Structures are given as structure tokens and as C-alpha cells.
Amino acid sequence: MSLVEVNVPDIGGASDVDIIEICVKPGDNVTVDQSLIVLESDKATMEIPSPQSGVVDSLLIKVGDKVSEGHPILTLRTAEKGAMPQPTAAESVAVPVNSEVRVPDIGAAKDVTVIEVLVKAGDEVNAEQSLIVLESDKATMEIPAPFAGRVTALSVAVGDKVNEGDVIARVSGTAPPASKVVTPIASVVTENRASTETGTSNSIESPQGAIPPQLPAQDNSGKVHAGPAVRKLAREFGVDLGRVSGSGPKGRISKTDLQSFVKAGMQQLKSGAGSGFGLPSVNLPDFTEFGTVERRPMSRIHRATAENMVRSWLTVPHVTQFDEADITDLEAFRQSQKAVAEKKGIKLSPLPFIVKACAYALEMYPQFNVSLDIERSEVIQKRYVHIGVAVDTPAGLVVPVIRDANRKGIWELASEMAELSGKARDKKLKPGDMQGGCFSISSLGSIGGTAFTPIVNTPEVAILGVSKASMKPWYSGEAFVPRLFLPLSLSYDHRAINGAEAARFTSLLAELLGDLRRLLL
């Protein structure tokens, strides 16, 4: 036996092409035209066949390598002696030709169905561009043009049955040298390979971000019929083809099917329809088996809140910074103003002070007063300071917005907050009352708790959670004294804000709430 080195043949001028699959291993017996490796360029998926029969001696490449024409693939032990035949000078001459393109060797398959015709008469095609797609019980095959040129005639239609040697088209162009003729079977996608591709598709990000793999569609997890071009596009979008419904023969998935699937998924992400932004549905048990139950519809506010929270949680990388503010002096001042507040008909809670401190902090740290336009890779800096304050109502949570909070005093903030809270509880808020916020505050101080992780109200990039203040011993340097501390929980979008900035923001809030005079500076 002799040892033969098998190299990458002519692949149409493509270079640095990715190896996405190795179909053999050392010790395997291979036959002529048996696939050795699978390559994928920007335009095509190609299987490189064995030029001879033999036994694989060693592999010279691995998955993920980039190769070009002439790159060694493996060594093959063959019964034939000597090097592989080289083309003669006469064979190296390119000639104009109007050639019939025939069905190449497709193994033992007979009466294979034409499931897709990719070109029409008059189309200009490149070498290796797929002309038609065949599908047998075991494989899907794309038949490529042997050279660049113009399709002058088509001899098949979708649904036709063909065999090896049948004419499928005529192409007029310039044939490459014999040594450059590309193997006609450009891509053979077996069921095994289909499962491999769909199994890895979830790790691929699309330019718009990762598409959830479980979007609403028929589950085709058994047998997936799709060509290499569609599979490549699916990997780019991060779509599991097993969940895409194909409109072609035998459920074959076309590019149009895939594009419609992705479009439907994006619409779902925008509207919040279905089980929740591409998340798998939860199969609920029959609760009546365990006792008496009552079903009631979610309120409109409850439903809207749920959808917005899911959208924010899925799209925003959340981080929460915890801190606390010594509000002993603030609380003493607030208590001293109770009589004034009663005369004004206003309930003076700690919340107006917190709103004022946040407005000040947003001016000092404007990176918290932005929104991100990810599609355009832009940061939208806001030159106004509108702060939303969450209000708990019997119908659900709403967030009315206080406009220009940085320009208003404590009394004005307290009065406006009371008015908006009343409207919220009486269901009299208008849509405009809850729009345009730059930053949100969710206060549980009157209820309790020591800390929590609020969800960012996208497209804002931060939200402050406030828990119940409590007395703690504080060391003054000489003795421990009781001080009133307010827990702060700042959740933020890590794409817009880093940890150091968040720590500075909460530190500033603590300083402002600890010494109200800072708000006058």
C-alpha cells in the first residue's frame, strides 16, 4: 500500500474557509467520493470527497481550522501506487462551452425528487452556485453549476423524479480547466448532520442579538429538511430548525420559511404575545385535583406589568448595588415640618427627599440618564430629568412620572406625588402621566424588608429600590450611638453603567440624604 496526501481541491477561489465537520477518523475505510470533511464559506457549504478508496492514516486538520485550495486534509493508505494523476497541459485550457448539466453520481439512489429549483432561464450563475435541490430518503443534495455562466434552459421542475445522468439544465459559459472542475455534489446534508447543526445553533448570535430558539412554531424535531444555505442562515440567526415549519415538499424549509419564522419571533418580542418572549410554555397541572380553585383574568395593568418586566429581564443585563444612608437628621427635620405640612394639606413622607436626591445625582452622573439604541450602537443622552415613582394600587403596579424633578422643591414634589398617587389609585392616570421617565424609584419603606432587586424599567438604565429604615448602632469614634439607616438597592443596566459608577451614585445618594444641605450646593 502507498501513502497519499489528500489536499483541498479548487473551491472556487475561496480562501480561509472554515472546517465545520470532519466525517472520518483514522482507521476508517473510505470509498471514492465519500465525504471527508465539510467546509463552509460565506456563500456555500461544501463537502470534500475522497479522490480514492483507502484507509485514513492520519488527520491533518481539525474542526474550526481555516483552509484554502491545496491545504493538506489527511493521509490515505491506498492499494494504488504512486501519486495521484495530474492534468495534462491540454486539460489545463479553458474553453467556451454551452454544456448540459446532468445529475451526478448520487450513489444508489433512484427516482430522487426535485424539491427546489433555485434558478430560472436567463439567470447568471457562479461556479458552484446551486441550481436545484434533490432529496432522497437519506440525504438532501444541492446540484451546483460546474462553471460560471448563464442558464439557457431548465429541464426539470419541482416534483420531478430524476436519476444519475438526467439533464437538469443547460449553462452557457467558459468551462474551467479539467483539473479545476468542481465535484458536482456540492452539499449533502444527512439526517445525522442536521441534528448536529441544530444542536449547536443556540450558541450563535445574530447581528440583532440572539433570537430565542423556542419561538412559536410547529415542532419538527424529528426530520429536518433544509439545504446548506438555509442551515447556515439559521445558525447565524440562532434558530433551531427543528421548530420551523417548512412549506416545501416533505416539509422542506426554505429561506422564506426561516425569514417568516424570525419575523414572527421579533413581533412576539415586541408585543409580548405567546408564552412570554420565546420562553418555553409551562405545562400547568390540573390544580382541581388538589382542591378547590378559582380562575380570574389578569387585570390590564397586571398583564402590562408582567410583559414589561419579562422584556426588561430578558434584554437587560442586570446588576444590583446595595448601600445604606444615615437618615437620622433627615427624619428629625421631616418630623419638625409636620405642622407646616398639615397646614399645606400635604403628607410629607421621606419619598420627596429621595426623589430630590436622585434628581441631583442624575445631574452629577449623567450616564444614569441615558437610553441605549443597540441597533444603531448609540447612547441617547437626555437633557431633562423626569423621575418615575412606583405606586401600588389594587389593580396592580403603575409608575407615574414627575417631570423636571430637578427644578422642583420638596413641597412641590410632595404635592405632585400625592396628586399622581391619588390618580393612580382612582384609575385616572392618563398614558402621558406614565411616559418619558429617565429613572425610577420603587419604595417599600412603609411595608418592610431589608433589601431587594428591582427590575430596570427599560428603556431606562437604572432603578432605585428603597426598603424600610431601621435603627442600628453606629460607632462615633467614642461610643456606639443609635442611628436610622435607610437601605438602598440600585439595579442598573451593565451595558450602560459599570460597577464603579453605580457605587459612586449610591454613595452620593447616601451623602445627600445624610446631609440635606448638600442639595443646596
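Okay, ground rules. Since the model is predicted, local features need pLDDT of at least 70 and side-chain atom pairs count only at pLDDT 80 or more, while totals for chains, interfaces and linings use all residues. Residues are numbered from 1 along each chain as its sequence is written, and side-chain values use heavy atoms, with hydrogens and water left out.

Let's start with the sheet. Four strands make an open antiparallel sheet, ordered S1-S8-S6-S3. At the edges, pairing on one side only, you'll find S1 (2–7) and S3 (29–30). Strands here are DSSP E runs of at least two residues, helices are H or I runs of at least four, and both are numbered from the N terminus. Two strands pair if DSSP finds at least two bridges between them. S6 (residues 54–59) and S8 (residues 72–78) have four bridges, in the antiparallel sense, and Val56 sits opposite Leu76 of S8.

Now, the cores. By that I mean buried Ala, Val, Leu, Ile, Met, Phe, Trp, Tyr and Cys residues joined through side-chain atoms within 4.5 Å. Buried is under 20% relative accessible area, exposed is over 50%, and partly exposed is in between, using a 1.4 Å probe and protein chains only. The largest nonpolar core has 53 residues, and those with the most contacts inside it include Ile354, Ile387 and Phe439. Helix H7 (351–364) and strand S28 (480–493) are among the elements that give it two or more residues. H7 gives the largest share, ten residues. Apart from that core there's another one, of 21 residues, Val101 and Val162 among them.

What does Ile387 touch, not counting residues up to four places away in sequence? Among them are Val355, Leu362, Pro400, Phe439 and Ile441. Contact means heavy atoms within 4.5 Å.

Over to the surface. Val282, Leu284, Phe287, Phe290 and Val293 form a nonpolar patch with about 560 Å² of accessible area together. Patch residues have over 30% relative accessible area and no salt bridge (a Lys or Arg side-chain nitrogen within 4 Å of an Asp or Glu carboxyl oxygen); like charges are joined within 9 Å, nonpolar side chains (Val, Leu, Ile, Met, Phe, Trp, Tyr) within 5 Å. Areas are Shrake-Rupley with a 1.4 Å probe, and for residues only the protein chains shown count as cover. Phe287 lies in the loop between H3 (255–271) and H4 (300–315), and counts as partly exposed because its relative accessibility is 39%.

Last one: Met471, in strand S27 (residues 470–475). Buried or exposed? Met471 is at 58% relative accessibility, so it counts as exposed. Beyond four places in sequence, Met471 contacts Pro482, Arg483 and Leu484.
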